Amino acid sequence: MKTKPLLIFDLDGVIIDGMDEYWHSSRQACINLLGGELNNYLTNEIPEAFKYLRPWVQHGWEMVLITAELTRPESYLISEGWKKFAKHYSERCKEALEIWQWHPRQIQQVLDKVRTDQINKNLNAWLAKHECFSGIPDRINELQKEENDIAILTTKGAEFTGRLLKLFQIKSNLLYGHESGSKIDVLTQISQDRTILGFIEDRRATLEKVLKTPGLNSIPCFLASWGYLKPNDSKNLPQGIYLLEQKTFTRPLANWN
Ligand SMILES: [Mg+2]
């Protein structure tokens, strides 16, 4: 049987706005890791630093690390501020991991467990912490009806992604969470036997990596303008990456670039 062409979507920052949930779960993961009384540092209100740094985050565990750094008065994040932290984001995260003596896999497991516990305890309360970007689920379902297959490719766990897709009634044909490997590895594997019409993502660095990867550089890459973008992300895009506005997204696929 002939397979349909594929459109691949990132989840967070493209389909889902889960800022409330990111903070709530990262805060709880941090409390579970550190124990003790952290309420002075970690209020229910989302700190500006956490919101500002979201576009730099590639994996969920980084949000837990940022949260932990907010509890450490001598951390770079507190002493120098979030804008300076963002300028040297990966180095600062590496240093923080060493200071806390944490491993990314370990923190990711704690975050995933916090999410599983919430789902088991009160699924609806967990789901209610997410919103979808207006009109996006409907448009994805339309694109599927137009004889495309839809894949979701995310660094979130597959279980949580599946719950959210169900909540927002998005019909995806394929789903790849962080358990499936890096986005580049998954794209490489998919591209062996499928035609990829587009990869829609809000992390510019990921799209740039796709373009630099042999065998993937012909995938049309779209930067979702409505997502979690850094201040200059939409400027001077390299050839092969197109800025996708919500208005353009409603138009036929052939008009996106
Ligand atoms: Mg994203």
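This is a predicted model: local features need pLDDT of at least 70, side-chain atom pairs count only at pLDDT 80 or more; totals for chains, interfaces and linings use all residues.

Biologist: Start with α3. Which residues of α3 are buried?

Modeller: Gly60, Trp61, Glu62, Met63, Val64, Leu65, Ile66, Thr67, Ala68 and Glu69. That is ten of the ten residues of helix α3, so the helix is largely enclosed by the rest of the structure.

Biologist: What do the buried residues of α3 pack against?

Modeller: They pack against α1 (19–34), α2 (48–53), α4 (76–80), α6 (89–100) and α7 (104–127).

Biologist: Take α1. At what angle do α1 and α3 pack?

Modeller: About 65 degrees, with the axes 8 Å apart. That makes α1 roughly perpendicular to α3.

Biologist: Is the crossing of α1 and α3 right-handed or left-handed?

Modeller: α1 passes α3 in a right-handed crossing. On the α1 side, the contact uses Tyr22, Ser26, Arg27, Ala29, Cys30 and Leu34. Met63, Val64, Thr67 and Ala68 make it from α3.

Biologist: How do the residues of that contact of α1 with α3 divide?

Modeller: Seven are nonpolar, two polar and one charged.

Biologist: Now α6. How do the axes of α3 and α6 cross?

Modeller: At roughly 70 degrees, and the axes come within 10 Å. So α3 is roughly perpendicular to α6. This crossing is left-handed.

Biologist: Which residues in α3 and α6 meet?

Modeller: From α3, Glu62, Leu65, Ala68 and Glu69. They meet Cys93, Ala96, Leu97 and Trp100 in α6. By class, the contact of α3 with α6 has six nonpolar, no polar and two charged residues.

Biologist: Switching topic. What does the domain assignment of the chain give?

Modeller: Domain 1 is 6–17 + 132–255, and domain 2 is 19–127. Their centres, taken over C-alpha atoms, are separated by 25 Å.

Biologist: How many residues does the contact take from domain 1 and from domain 2?

Modeller: Eleven residues from domain 1 and eleven residues from domain 2.

Biologist: Which helix gives the largest share of the domain 1 side?

Modeller: Helix α9 (residues 158–167), with three residues.

Biologist: And what classes does the side of domain 1 that touches domain 2 have?

Modeller: Four nonpolar, two polar and five charged residues.

Key. Residues are numbered from 1 along each chain as its sequence is written. A residue is buried if 20 or more other C-beta atoms lie within 10 Å of its own, exposed if 12 or fewer, and partly exposed in between; C-beta atoms are placed from the backbone. Helices (H or I, at least four residues) and strands (E, at least two) are DSSP runs, numbered from the N terminus. Two residues are in contact if their C-beta atoms, placed from the backbone, lie within 7 Å. Axes are lines fitted to C-alpha atoms, for helices over the stretch in contact, and angles run from 0 to 180 degrees between N-to-C directions. Angles under 35 degrees count as roughly parallel, over 145 as roughly antiparallel, 65 to 115 as roughly perpendicular and the rest as oblique. A crossing is left-handed if the near helix is turned anticlockwise from the far one by less than a right angle, and right-handed if clockwise. Ala, Val, Leu, Ile, Met, Phe, Trp, Tyr, Cys and Pro count as nonpolar, Asp, Glu, Lys and Arg as charged, and the others, Gly among them, as polar. Domain bounds come from an automatic or database domain assignment.
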